[in-house]
Amino acid sequence: MARKNRVASSAPDDYRITPEPGRIAVLASGGMDSSVMLGWIARRGAAVFPIYIRAGLSWERDELAALRRFVRALKLPNVASPVALKIPMGDVAGDHWSMTGKNVPGYHAALSSNYILGRNFTLLAKGAIFCARNRIGEIAMAPLESNPFPDARPEFFRAFARAVELGVGLPLKISTPFAGMSKADVVRRGAGMPLELTLSCARPMGMVHCGACTKCAERVQGFIEAGVADPTPYARKRARPRLAH
Ligand SMILES: [Zn+2]
């Protein structure tokens with residue numbers, strides 16, 4: 001009976017999954033942060049498995065195309081072709097701006113307006129199962145210091161990793177190597193990478209950024225603060241944004 005009351009530290013033996021060393025999955029959106037993180041991780045030699053998650057957001061087709069171009073341009077043999085996994089959220093997200101592409105937060109909106117309920121939760125849920133199926137023991141995602149969301153905090157990632165070990169049997173490390181970085185830091189870290197092939201816009205037209213949404217404002221400001229020429233094509237480019245959290 002003592003066994004019954006004990007707090008389990010992992011899944012029962014029959015269900016445990018042992019990862020193969022040297023493999024890392026990267027949750028990649030095609031945006032600048034996760035693309036630069038992907039390139040940075042890949043340069044350190046691990047076998048990298050980029051994962052793009054389709055939840056039904058209005059800009060996904062352009063993002064996935066951007067991610068594929070970026071990975072091809074890296075020309076690194078240790079990076080697999082991106083896999084696109086689906087976890088459709090339209091049935092619970094309703095007419096949220098991220099699904100409809102209408103009334104997206106504007107250029108001067110607070111960064112917190114970019115919040116999508118359960119975003120990291122769902123990305124990690126699908127990503128963790130992909131890792132379990134492919135014996136991958138680490139998954140990386142790229143929240144920055146400016147990310148104020150509840151599911152971007154270290155305590156959330158710790159709890160999620162614990163849930164994966166208990167419920168899936170996989171000891172999974174969730175890495176957020178850019179957690180202390182600003183957008184300008186990302187621009188600098190991306191030196192030598194094809195940043196013009198990354199896409200961070202809520203209303204893109206192919207690879208052309210709208211230049212009028214919060215994500216564009218963050219991007220514009222990141223290049224300015226880094227002192228790096230911005231190679232991004234914008235449909236309209238405004239003056240330096242004033243961003244609040
Ligand atoms: Zn935009």
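Two strands are taken to pair if DSSP finds at least two bridges between them, and helices (H or I, at least four residues) and strands (E, at least two) are DSSP runs, numbered from the N terminus. By these criteria, 5 strands form an open sheet in the order S3-S2-S1-S4-S5, with parallel pairing. This is a predicted model, in which local features need pLDDT of at least 70 and side-chain atom pairs count only at pLDDT 80 or more, whereas totals for chains, interfaces and linings use all residues. Residues are numbered from 1 along each chain as its sequence is written.

**The sheet and the helices across it**

- The edge strands of the sheet are S3 (83–86) and S5 (173–175), each of which pairs on one side only.
- The twist from one strand to the next averages 30 degrees, where axes are lines fitted to C-alpha atoms, for helices over the stretch in contact, and angles run from 0 to 180 degrees between N-to-C directions.
- Strand S1 (residues 23–27) and strand S2 (residues 47–54) run parallel and are joined by 5 bridges; within this pairing, Ile24 has Val48 of S2 as its bridge partner.
- Helix H3 (residues 60–74) lies across S2 and S3 and runs at about 170 degrees to S2, with contact between two residues meaning that their C-beta atoms, placed from the backbone, lie within 7 Å.
- Helix H6 (residues 119–133) lies across S1, S2, S3, strand S4 (138–140) and S5, and its direction is at about 155 degrees to that of S1.

**The nonpolar core**

- A nonpolar core is a set of buried Ala, Val, Leu, Ile, Met, Phe, Trp, Tyr and Cys residues joined through C-beta atoms within 7 Å; a residue is buried if 20 or more other C-beta atoms lie within 10 Å of its own, exposed if 12 or fewer, and partly exposed in between, with C-beta atoms placed from the backbone.
- The largest such core has 56 residues, and Val26 and Leu27 are those with the most contacts inside it.
- Helix H2 gives the most to this core, with 6 residues.
- Not counting residues up to four places away in sequence, Val26 touches Ser34, Met37, Leu38, Ile41, Val48, Phe49, Pro50, Ile51 and Ala140.
- In soluble globular proteins, nonpolar side chains tend to be buried together.

**Helix H3 and the residue after it**

- The expected span of a helix is 1.5 Å times one less than its number of residues, so the 15 residues of H3 should span 21 Å at 1.5 Å a residue, which agrees with the 21 Å between its end C-alpha atoms.
- The buried residues of H3 are Glu63, Ala66, Leu67, Phe70 and Val71.
- An α-helix has 3.6 residues a turn, so residues three or four places apart point the same way.
- Among the elements that cover the buried residues of H3 are H2 and S2.
- H3 is followed by Lys75, which lies in the loop between H3 and S3 and has a positive phi of about 55 degrees although it is not a glycine.
- Lys75 is exposed, because it has 7 other C-beta atoms within 10 Å.

**Helix H9**

- For helix H9 (residues 214–226), the 13 residues should span 18 Å at 1.5 Å a residue, and the end C-alpha atoms are 18 Å apart, which agrees.
- In H9, the residues Thr214, Lys215, Cys216, Ala217, Glu218, Arg219, Val220 and Gly222 are buried, and what covers them includes helix H2 (32–43) and helix H8 (183–189).
- Gly227 follows H9 and has a positive phi, near 70 degrees.

**Individual positions**

- Met141, placed in the loop between S4 and helix H7 (154–167), is buried because 25 other C-beta atoms lie within 10 Å.
- Leaving aside neighbours within four places in sequence, Met141 is in contact with Leu27, Ser34, Asn120, Leu123 and Thr176.
- Met141 and Ala66 are 75 residues apart along the chain, and their C-alpha atoms are separated by 17 Å.
- Pro154 has its place in helix H7 and counts as exposed, because it has 10 C-beta neighbours inside 10 Å.
- The C-alpha atoms of Pro154 and Ile174, 20 residues apart along the chain, are separated by 9.5 Å.
- Asn103, in the loop between helix H5 (97–100) and H6, has a positive phi of about 55 degrees although it is not a glycine, and it is exposed, with 9 other C-beta atoms within 10 Å.
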